[in-house]
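Dear colleague,

Please find below the structure that I am handing over to you.

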Amino acid sequence: MNGKELFLKALNFEPTPRVPVAVLDGFTWIVKRDKTSYKNLLNAKDFGASHVIKAYDDFGVDNVCGINISNFFMKYMGGEICYDKIGENFEVTKPPLKTLDEIKNYSVDTIMEKALADEEFLAGLKQVEELKKHYGDEKLIIGISWAPFTFAGMMVGIQNFLAQMFDDEEAGQEIIKFSTELIERLGEKLIEYGADVFMVGDPVASGDMISPGMFEEYALPSIKMTAEKLNDKNIKYFVHICGNTIARVEPLLDSGIALLSVDSIDLDKALSISRGDYTLAGDLNPYEVLQIKTAEEVYQHCVGRIKIAGLSGGFVLMPGCDLAPNIPLENLQAMVKAAHDTK
């Protein structure tokens, strides 16, 4: 049974011979190890696919992720981005908006037109296409992006976004609606180019950032809306939320998502809530577990998590966020070995 088949069984809550094991994103790890940049990847002849393939083959996981190109949308709106520094992350250095109500000056159609006329944005889509050509149905191909709620925050700056939401709720809802449509369109494009599923990162929806009430009023509706539209097109929707996530597990029931990726959590409790509704992925802290522990310690920690989850589906062993660039490869391979050994 290959990686994609294992993943799909877990998503369907079917017993598996071992748990699927995956990595989220990993591009900052890749550009650091390969001494390159996001820009260099996108401008390579193969759109950086060979770098991604080498890394994911070295990891030995059951998935592969394409590059996150959603930051380019900020550039098309007048913001500033930085993605040409060797070994460093792709960042938004200047948000395009100062206030929430400025979103009325922009059109999703216009932004998508600019994106599809940009060779570097297209390179991100073509990278996914190259990964699909290489792996076929051997691994689950994941197209990734920022989530609508987090993307809305990034358009004005996270702190400004959260502060202004209280002063102008109507404008807040409008900018979330706008970003939801834009991210949906990106998800559809990634699937068109070969991704099997669409996954978003929603760090602003974390319990470390907003209250349960604010999550249910603002972030959850955008998750449900996106899931509904993508599910209508048979696109599975994965969501990652950083930090404190236990209070997010129950509200996400019946949201339509196929998988929730989490940071450190009470795994037994979370699985007792989520299993049968959506798959839980995690919950290996990228620093406290994967970076500073020895490979043997990582292995034993992962074995413990797998024993809690069992082999009845509904769980994927995975780091609790993007890979920190200094995580040793042998620790990631120890994670994978634990998944293969624990049956």
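The notes below set out what was found, region by region.

This is a predicted model, in which local features need pLDDT of at least 70 and side-chain atom pairs count only at pLDDT 80 or more, whereas totals for chains, interfaces and linings use all residues. Residues are numbered from 1 along each chain as its sequence is written, and side-chain values use heavy atoms, with hydrogens and water left out.

Cysteines

The structure holds 0 disulfides, a disulfide being a pair of cysteine sulfur atoms within 2.5 Å. As to accessibility, C82 counts as buried at 16%, while C321 counts as partly exposed at 24%. Here buried means under 20% relative accessible area, exposed over 50%, and partly exposed in between (1.4 Å probe, protein chains only).

Helices (H or I, at least four residues) and strands (E, at least two) are DSSP runs, numbered from the N terminus. N285 sits in the loop between β8 (279-284) and α14 (295-309), and N285 is buried, with a relative accessible area of 14%. The side chain of N285 reaches the backbone nitrogen of E288 at 2.7 Å. Leaving aside residues up to four places away in sequence, N285 touches D263, S264 and L290; contact means heavy atoms within 4.5 Å.

The 15 residues of α14 should span 21 Å at 1.5 Å a residue, and its end C-alpha atoms are 21 Å apart, which agrees. The expected span is 1.5 Å times one less than the number of residues in the helix. Within α14, the residues V298, Y299, C302, V303, R305, I306 and A309 are buried. Seen down the axis of α14, these buried residues fall within an arc of 165 degrees, so they line one face of the helix; the arc is that of the directions from the helix axis to the C-beta atoms. An α-helix has 3.6 residues a turn, so residues three or four places apart point the same way. The buried residues of α14 pack against α13 (267-274), β8, β9 (315-319) and α15 (329-341). Just after α14, G310 takes a positive phi of about 75 degrees.

A115 is buried, with a relative accessible area of 0%, whereas E113 is exposed at 56%. A115 touches F73, Y76, F121 and L122, not counting residues up to four places away in sequence. The C-alpha atoms of E113 and Y76 are separated by 9.7 Å, the two residues being 37 residues apart along the chain. A115 and G194 are 79 residues apart in sequence and 18 Å apart in space, C-alpha to C-alpha.

Strands β5 and β6

Strand β5 (residues 197-201) and β6 run parallel and are joined by 5 bridges; two strands pair if DSSP finds at least two bridges between them. The bridge partner of F198 in β6 is Y237. Of the 6 residues of β6 (residues 236-241), 5 are buried, so this strand is largely enclosed by the rest of the structure.

With kind regards

Note on methods:
Polar contact = N/O pair within 3.5 Å; in protein donor to acceptor, adjacent residues only side chain to side chain.
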